[in-house]
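Hi everyone, thanks for coming. Have the sequence and the structure open while I talk, and follow along with me.

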Amino acid sequence: MSLPLIVFAAAEHDEHETPAWHPEHRGRLDAALAGVGEAGLDDAAEWRVPALVDVADLARVHAAEYVAAVEQFCAAGGGNLDPDTVATPGSWDTARRSAGAVLGGLEALRGDECDVAFAAGRPPGHHAVRDRAMGFCLFNNAAVGAAKLAAQGEKVAIVDWDVHHGNGTQDIFYDDPNVLYVSTHESPLYPGTGLLRETGSGLGFGTNLNLPFPAGTAGDTL
């Protein structure tokens, strides 16, 4: 009999340090994990420490040179990868564990170990493109999971309801017929992508669906 919920998270291994003023800080992960208990799911949940994702899994969606550059940058002490995105010595393992949480969740679901898997980690991922960090994101965690499933012959759908458009996820799968990307987001807003006309290209034409909404849109919008 499968478990109702498995949570893949390891706040105690979070070594991705950002300045106190930075919007993407450890408190975001703490708040997400606290929500499990606040929803009354503690008794239904099993918690697991995610494994570090293999570099080969990262290389399915990111340029190998970029992955190596992030490792070297962190080992050298880190700094700013762009005006918004910070990396520190601990960011390399923390980012790999964040992507590993997604793969752990997928394996648990495919093995019928649980009904729902929740992968919670940081840094986030949907702005990271193939060869560049962006918007607080080092590696594209959802894309890593989707690409692994697609490589195994699966058809995959990613539904992204962040207030910002996931430009990195869109770009990675824009011409891939095996991955459907659907995004709801506020527009206009950072990063300025996610228009209705962005529907995919080549064999992936029609597999990209953007639903941009104006600021203040509520849940009753049709």
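Let's begin with Arg48, which is partly exposed at 24% relative accessibility; buried means under 20% relative accessible area, exposed over 50%, and partly exposed in between, with a 1.4 Å probe and protein chains only. This is a predicted model, where local features need pLDDT of at least 70, side-chain atom pairs count only at pLDDT 80 or more, and totals for chains, interfaces and linings use all residues. Residues are numbered from 1 along each chain as its sequence is written, and side-chain values use heavy atoms, with hydrogens and water left out.

Which residues does Arg48 pair with in salt bridges? One is Glu46, with the closest N and O atoms 2.5 Å apart, and another is Glu113, at 2.8 Å from N to O. A salt bridge here is a side-chain nitrogen of Lys or Arg within 4 Å of a carboxyl oxygen of Asp or Glu. Arg48 lies in strand 2 (residues 45–48) and Glu113 in the loop between helix 4 and strand 5, so this pair ties together parts that are 65 residues apart in sequence. Helices (H or I, at least four residues) and strands (E, at least two) are DSSP runs, numbered from the N terminus. Glu46 is partly exposed at 28%, and Glu113 is partly exposed too, at 33%.

How many salt bridges does a search of the whole structure find? The count is eleven. Another of them joins Arg26 to Asp14, with the closest N and O atoms 3.8 Å apart. Arg26 sits in helix 1 (residues 26–38), while Asp14 is in the loop between strand 1 (3–8) and helix 1. Is Asp14 buried or exposed? Asp14 is buried, at 5% relative accessibility, whereas Arg26 is partly exposed at 32%.

Now for the backbone. Two peptide bonds to look up are cis: Arg122 to Pro123, with omega near 0°, and Ser187 to Pro188, with omega about 5°. Pro123 is in the loop between strand 5 (114–119) and helix 5 (141–151). Pro188 is in the loop between strand 7 (179–186) and strand 8 (208–213).

Phe136 also lies in the loop between strand 5 and helix 5, and has a positive phi of about 80° although it is not a glycine. Asp112, in the loop between helix 4 (91–110) and strand 5, has a positive phi as well, near 60°. Asp112 is exposed at 56%, while Phe136 is partly exposed at 22%.
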